[in-house]
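Take a walk through this model with a few landmarks in mind.

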Amino acid sequence: MRPFEYVIARSSEQALAALAERGDGFAKGGGVDLLDRLKTGWTGAGALVHIRTVPGWDRIEVGPGGLWLGPTVTLAQLAGDVRVQSAYPALAQAAGSAANPHVRNVATVAGNLCQRPRCWYFRSAEFTCMKKGGATCFAAKGENKYHAIFGGGPSYIVHPSTLATVLVAENAELELARAGGRARTVPIGEFFTLPRVDYERENVLQPGELIVGIRVKAPAPGRKSVFVAAKERNGYDWPLGEVAVVLDMRGDVCTAARVVLGAAAPIPWRAQGAEAALSGRRVDELAARTAGVAAVEGALPLGQNEYKVPLFERLVARAVMAAAGGKA
Amino acid sequence: MADINITVGFEGQTEALTVQVPEGEPRPWDAKSQLACVGQRVPRIDARAKVTGQAKYTYDIALPGMLEACVARCPLPSARLRSVDMSRARAVPGVKAVWAEKPGKRMVFAGQEFAAVAAVSKDVAEDALRLIKADFTPLPFVVDMDKARAPGAPAVYPRSFKSAVEADDNGLRHNVLKHNTVTLAEGESAHEVERALAESDIVHEATFRTQVQTHAALEPHGSVVRWDGDHLTVWTSTQATFGVRDQLAALFDIPKAKVRVLCDYMGGGFGAKFSAGHWSVIAAHLARDARAPVKLMLGRHEEHVCTGNRPSTEIRLRVGAKHDGTLIALYSQSFGVPGIGSGSGATGAPAREIYRSKHRVEESDVVTNSGPAASFRAPGHPQGCFALEQAMDELAEKLAMDPVALRRKNLKNSVQVAELDRAVAHAKAWSVRQPPEAKRGSKRRGVGLACGVWYKWASTGVQVQIDVYDDGRVEVWNGAQDIGTGTRTVIAQTAAEELCLPIEAIHVRIGDTALPIGPGSGGSMTATSIVPAVRATAYKVRARMTALAARKLGAALDELELADGRFYVTNDIARGLTWKQVAASIGADKLSEMGRRAEEYQSFRERTGGVQIAEVEVDVDLGQVRVLRVTAVHDCGRVLNPLLAESQVKGGVIQGVSYALFENRVLDGNVGRMVNADLESYKIAFAGDCPEIDVVLFDVSNGGNNAGVIGLGESPTVPTAAAIANAVANAIGVRIRELPITPDRVLAALRGQRRS
């Protein structure tokens, strides 16, 4: 590992200034993903700016206007917050589903959104794939069991953030800031970028820019949200597929639906077909199954991930039934 | 030799057996022996050292002036090393020695070592490694079995390199090595099995595939090497201290008396830690050049790519039976992929060993450009059982017969029949087992059963030394390692039993080739080899101590008894001396005896085995399989220590669950490299994936040696995957003939079932 400077930020200004001054600096929250990359040697950092020391960045605020999460709120904190559990259950469920207890105790919400993909070619020091300056996506015609069935090309990664799946379903907004620049608020749906736009990155963060807050509007009356995941192992494992469903219900009729698939595409993938299939309908088992079928329409599986199509179909149906109060 | 009658057998089914016991050996423990310490639930005597960190593993060794080394590995699956320039690496401050292969060397898998650096720290060595400039000429390669055995495939080995490689008539099948072509029951010709199949009422045929599993021991391979003149001292994580010693002595052309190999504690082996390995050899070269001790511990990536694995297999099985379920013929043809190694496992062994039947077994290696296979906990058997025991269930379905009845009718060994009955009685789920058609809902439960066998092997050259100091302290010495099974503890129990002392009085030293020779820990034979030697030696010590006591007490030898650490005269109990009092009269610093493991003599059974029943729950929407419970009934001769034995069985079952559901080395076929060489995407069962495990130990009084002991290291992992596969088939009504049983395969199988 290359030597690097370690900066402990005591304020948001310090954190942003430290990053602006050092072009090869990285913000470090829990350091989970970052340490992995530093160890493989292909992410070289001149400086790590530790931001978990910034006062107030670890706050969870729940009020009539909605939810605000500071960037260094940990997954464990989020999963265990009773206010979040009651008003934003899918978010708490997702935070508790990601990784393992050790990781959740240090991993931060902003870090979770900004972590790099887990694609085994991308992670291996032995493969210079297109995301690391090479010319090839090795997964396209290689070992792609865990890769994208939507939105792929020229890179076929799936986005690794479990929280993002729910936050997109919740239509969250991200507050971004950098030293000397204007703070901006970006709807989370515009934060993540497809590889066809820029295959070397997964989001629109500018150099030196940080997520400094996450906002979710207060749930409308009758809102139901659910997060479900399918994994190979029973616990600590990256998901084969995840689904977040947010339904606005009047009685047993859905007035508006957001259905988002995780581990399906290079970005959290809105299943708009499923949303359309649910909006204005009575939510029963047939509607849930129809939504599942609609969710996977247009999927383009690769050589080894065709199983994800039926998997997402049923995962969506389960999530919808669970959200509507039926049995998962 | 003396003929001795003993009682052997199990659970009331005992019989008399006459055994010829060598001179000087104690009377064998048998079914009637009442033992005080052996057979008790004695906690590991080194447990405290392990949990407090006092136990030092190779990884923990830190010598004054010690350097740390790293290895550079070929990134290509097949290449010629054109040139390697170490000058920039050598120039890094802190680098003390470098090593490199000579140009022209043929590289045969991605991960093969070609250079190394020793430096003052691991970080410096890693940095220097990146500065090595190596040029490779890429050569054609093949990593896939089907491609490797196709005509025209690139030759993994040049002909001259491996003369045993067989070519077909066209000279094209470079990579297929047929070995162990035919194994038949005695006196049967090759045609007889074909004829028997033709004459069978029912023939079931199926093909099964298993994956590559890497050993992934918690402690990686590695050594610390120190030269003192031409004396070589090596701390290494090994399953065979003496094997490593002999190998290094031969390689460096020094007498084995000048090589000392140490392994006080080691963190797992499973079959891949028998050899000195390139890590020890490279470390020794670097240490000599640097004139300093060198530590070379491999990393997790290296553990996966170059230190061994359980080979993948394709097994085609044909089973012929009569309408009444009598097996007539078993024909197993298997291809295994040992990478650039050989011996991809005796996958046909279960077809030969478990059931009475005519049989024919053909086993072939298909070499590919990937890391070499190594022996792995019951080599070949989990693969072979996965095939055979599923085929037996399928045959039972075709015969409309109960799978237990079919097995009962054909099992070779009456112990295994009793184990089968016990397992079925013990696992409540078996009695309420439903056919798949009766199951509804998205989560379906299933129950499956499988049998497995293992062998009774021992290393009979083993020696043990026991010293009794004049203060009464007892030291038991053997140079073998403990790979985690509890070797120290069973040694202490055996000595305590024979010497009638509390276990705390016995001090055990192992893991050092300066001590008397011990076995390699393979073939489940560590305890089987050492324990009888300990008992034989303790028996001699006891005789000498008794003689001393007799002299001091003025009693005849046959008047004396030893119990609870005290010698006494049988008809005058008050006349006696404690162990310590007798020891004080040794008249020298200590009393020393050396004993050895006698040849195995007549025994009740030559095989061990087990039966496992798995209960699973399959999520038919998402394809996930959870193993809820495994009932594991196993025999291992005399159970020396139920705590340790249960621990072995649980470990074997967990490794079997992991093999059945998760573990899988993934090689990219386009570039020939492993893509999941870590513990994130090479998936091993975690706590949440482990079932409830009901262990039922089946005590068998077996004779064969003075303790009646047989090993238990391997047998418990043999039937697990097969039992799980049978349970999955029972849950969902479709059979998955390929490991691991992952959601993608379950969903594909269910989809195929719906179509048909």
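Start with a pair in chain A. A:Arg37 is buried, and A:Asp33 is buried too. This model is predicted, and its atoms place the two side chains in a salt bridge, with the closest N and O atoms 3.2 Å apart. How are the partners arranged along the chain? They sit 4 residues apart in helix 2 (residues 32-40) of chain A, so about one helical turn separates them.

This pair does not stand alone. A network of salt bridges links A:Asp33, A:Asp36, A:Arg37, A:Arg118, A:Arg123 and B:Glu680. Note that the list includes residues of chain A and one of chain B. Across the whole structure, a search over all chains finds 68 salt bridges.

Now move to chain B. B:Glu394 forms a salt bridge with B:Arg735, and their closest N and O atoms are 4.0 Å apart. B:Glu394 belongs to helix 10 (residues 381-399) of chain B, while B:Arg735 lies in the loop between helix 18 (720-732) and helix 19 (743-755), so the pair ties together parts that are 341 residues apart in sequence. Both B:Glu394 and B:Arg735 are buried.

Another pair in chain B is B:Arg473 and B:Glu475. Their side chains meet in a salt bridge at 2.8 Å, N to O. B:Glu475 has 9%, so it counts as buried. The cut-off for buried is under 20% relative accessible area.

Next, follow the backbone. Where do cis peptide bonds occur? One joins A:Gly153 and A:Pro154, with omega about 0 degrees. A:Pro154 is placed in the loop between helix 8 (120-123) and helix 9 (162-169) of chain A. In chain B, the bond from B:Leu739 to B:Pro740 is cis, and its omega is near -10 degrees. B:Pro740 lies in the loop between helix 18 and helix 19 of chain B.

Finish with two backbone angles. B:Ala216 is not a glycine, yet its phi is positive, at about 45 degrees. B:Ala216 lies in the loop between strand 11 (213-214) and strand 12 (222-228) of chain B. Its relative accessible area is 17%, so B:Ala216 is buried. B:Ser524, also a residue other than glycine, has a positive phi near 55 degrees. Look for B:Ser524 in the loop between strand 23 (506-509) and helix 15 (526-553) of chain B. With a relative accessible area of 11%, B:Ser524 is buried.

Conventions:
Residues numbered from 1 in each chain as written. Chains lettered and ligands numbered in written order. Predicted model: local features only at pLDDT ≥ 70, side-chain atom pairs only at ≥ 80, totals over all residues. Heavy atoms only, no water. Buried < 20%, exposed > 50% of the residue type's maximum accessible area, 1.4 Å probe, protein only.
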